[in-house]
Amino acid sequence: MEGTKSESYFVFMNYDPQYERLRADRTKRGANELDLYLSRKHDQLLARTLEPGSYKKTLSLVIVDGFSVEITEDQASVLRSAKEVRLVEKNQELA
């Protein structure tokens with residue numbers, strides 16, 4: 001696993017009522033709470049499932065509950081098995 005090349009993947013999460021509640025709050029404070037909630041939630045998932053220092057989260061997405069991360073195919077498989085995760089897709093350039 002260590003020698004495998006890291007690539008960019010998108011990880012999309014399963015339904016989360018807390019995300020839906022925070023997303024419905026259209027105030028500036030609500031937007032800040034949503035950003036913090038998602039960043040923390042995504043960071044905790046990565047810390048719980050992957051080795052520290054073996055990945056690089058590049059962004060959390062707010063419009064959908066998801067994030068982008070640089071990981072190996074083996075690590076993508078590990079994330080796919082997490083109960084909170086709906087989908088893990090490798091980022092692909094369109095020609």
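Which residue forms a salt bridge with lysine 41, and how far apart are the closest N and O atoms? Keep that in mind. This is a predicted model.

Here is the answer. Lysine 41 pairs with aspartate 16, and their closest N and O atoms are 2.7 Å apart. Look at where they sit. Lysine 41 is in helix 2, residues 28–49, while aspartate 16 is in the loop between strand 1 and helix 1, so the pair ties together parts 25 residues apart in sequence. Why does this pairing work at all? Side chains of opposite charge can pair when their charged atoms come close.

Now, buried or exposed? Lysine 41 has a relative accessible area of 15%, so it is buried. Aspartate 16 is buried too, at 12%.

Lysine 41 has another partner. It meets aspartate 65 in a salt bridge of 2.4 Å, N to O. Aspartate 65 sits in the loop between strand 2 and strand 3, 24 residues from lysine 41. Aspartate 65 is buried, with a relative accessible area of 6%.

Next, arginine 48 and glutamate 84. Their side chains form a salt bridge at 2.1 Å, N to O. Arginine 48 is in helix 2, glutamate 84 is in the loop between helix 3 and strand 4, and 36 residues separate them. Arginine 48 is exposed, at 52%. Glutamate 84 is partly exposed, at 25%.

Back to the shared partners. Asp16, Lys41 and Asp65 are joined into one network. In total, the structure holds eight salt bridges.

Last, the rings. There is one aromatic pair. Phenylalanine 10 and phenylalanine 12 are stacked, 6.3 Å centre to centre, with 25° between the planes. Phenylalanine 10 is partly exposed, at 25%. Phenylalanine 12 is partly exposed, at 26%.

Technical notes: Residues are numbered from 1 along each chain as its sequence is written. This is a predicted model: local features need pLDDT of at least 70, side-chain atom pairs count only at pLDDT 80 or more; totals for chains, interfaces and linings use all residues. Side-chain values use heavy atoms; hydrogens and water are left out. Rings of Phe, Tyr and Trp (its six-membered ring) pair if their centres lie within 6.5 Å; planes under 30 degrees apart count as stacked, over 60 as edge-to-face and the rest as tilted. Buried means under 20% relative accessible area, exposed over 50%, partly exposed in between (1.4 Å probe, protein chains only). A salt bridge is a side-chain nitrogen of Lys or Arg within 4 Å of a carboxyl oxygen of Asp or Glu. Helices (H or I, at least four residues) and strands (E, at least two) are DSSP runs, numbered from the N terminus.
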